[in-house]
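Open the model in your viewer and keep the selection panel handy.

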Amino acid sequence: MSTIQNTPFTVVDEAPVQLQMWWYDLGEDGHKWVTKHLGALTDIMKIKPQDDLIEALVTFWDPVHNVFRFSDFELTPTLEEMAGYSGFGRDLRNQELIFPRALSVHRFFDLLNISKQIRKTNVVEGCCSFYFLYSRFGQPNGFEMHEKGLNNKQNKDTWQIHRRFAFIMAFLGIMVFPNEERTIDTRIARVVQVLTTKEHHTLAPIILSEIYRALTFCKSGAKFFEGCNILLQMWLIEHLRHHPKFMSYGLSKDNFIESYEERVPDPARGKVDPGYAIWFGKRSHVDDVPEPKRPTKRPHVQAFDDKIQEWLAWGEREKGYKTTIHALEERLRNRNFEKDLQEQETEGEKKSLILQDYDSLLAKTEKSLDKAKENIVQLNEKDESILSESGKSFSM
């Protein structure tokens with residue numbers, strides 16, 4: 001079985017704790033400044049991601065026409081819907097696009113007010129790590145830790161302003177425009193600069209196009225969803241639930257992400273629409289009748305729900321299979337490891353025997369050599385005795 005088939009499908013999980021702490025540390029003024037430019041988008045950190053739902057949805061994606069194609073109907077997220085969630089939907093027609101342009105490392109450092117003395121190796125292939133930003137701007141003591149590496153004139157108030165800019169970049173890079181390596185694309189710094197310094201610009205088209213692109217890549221076999229899966233998840237559930245409160249994409253100050261769970265209660269958690277609960281409570285109290293059946297879903301929605309449930313059931317079975325396969329592979333690796341150890345022990349025993357034989361042979365050789373030396377000494381003494389007697393005879 002190939003490695004690609006065994007790789008699980010993943011999406012952005014819950015927001016990192018460090019990112020949430022950074023958000024809370026910005027304080028009320030920082031929240032107002034960020035919300036002014038990001039709208040309600042930061043509230044997606046409160047939504048629980050569902051990777052199985054996105055994985056199931058990918059199977060229905062038609063990358064040619066950019067729609068979800070079901071048995072007898074089509075759906076696709078629209079620009080107005082994505083803009084409505086984030087709060088970018090106001091006067092959308094008069095908003096301008098933001099183009100994420102490539103940046104040099106020095107330009108990236110300039111936008112973040114980081115000293116150019118910092119090594120360029122902190123940026124690899126146009127991306128930096130989340131920790132690179134968090135250690136300098138996210139931590140409460142980031143100013144003291146990296147004071148000499150920041151261009152803030154050694155002024156902490158200036159640093160407080162710069163950390164808001166860095167937060168928006170980190171948030172977008174982790175939660176809205178993620179990549180499989182979980183690093184942050186430096187081009188986002190240019191997007192944040194335009195968003196915070198120029199009027200009448202919107203993020204909505206980039207968010208939607210990245211969702212389309214991620215769906216297409218995953219349809220082709222990619223295992224990580226490089227788009228804002230939480231907005232896509234919310235959009236899908238909005239279209240599957242029966243509820244009286246629908247989103248209005250006109251001029252509104254409502255926070256549609258914050259009111260999402262109220263608008264779309266989750267029956268799996270025992271949540272129902274408040275109006276329905278009040279109505280049934282009154283009726284059951286007066287008439288003492290059993291709970292009426294809920295309205296049946298429209299055929300195309302029911303068919304889609306059935307397919308989703310079937311896919312989720314298969315996903316659970318597949319997870320079980322993968323767990324079993326992983327356990328078997330682990331056992332096989334352990335056995336191979338034990339086999340290698342046994343072979344090494346056997347080889348060690350062989351070497352030990354060889355060394356013992358060698359030591360024995362060496363001892364015998366040394367003994368023979370000592371005996372030979374004794375023989376040579378005895379022969380030399382005998383020769384000297386013979387020569388001495390011969391000399392005496394010649395002198396006589």
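Zoom in on Cys128, which is in no disulfide; the nearest cysteine sulfur belongs to Cys127, 7.6 Å away. Cys128 is buried, at 1% relative accessibility (buried is under 20% relative accessible area, exposed over 50%, partly exposed in between, with a 1.4 Å probe and protein chains only). Hop over to Cys228, also buried, with a relative accessible area of 1%.

A word on what you are viewing: this is a predicted model, in which local features need pLDDT of at least 70 and side-chain atom pairs count only at pLDDT 80 or more, while totals for chains, interfaces and linings use all residues. Residues are numbered from 1 along each chain as its sequence is written, and side-chain values use heavy atoms, without hydrogens or water.

Next, select residues 27-38, which form helix 3 (helices are DSSP runs of H or I, at least four residues, numbered from the N terminus). Which residues of helix 3 are buried? They are Gly30, Val34, His37 and Leu38. These cover an arc of only 85° around the axis, so they lie on the same side of helix 3; the arc is taken from the directions from the helix axis to the C-beta atoms.

Now show what covers these buried residues: helix 2 (17-25), helix 5 (79-86), helix 9 (156-176) and helix 10 (187-197) are included, with contact meaning heavy atoms within 4.5 Å. Turn to the other side of helix 3 to find Glu28, Asp29, Lys32 and Lys36 exposed.

How values were computed. Helix = DSSP H or I, 4+ residues; strand = E, 2+ residues; numbered from the N terminus. Expected span 1.5 Å × (residues − 1). Disulfide = S-S within 2.5 Å.
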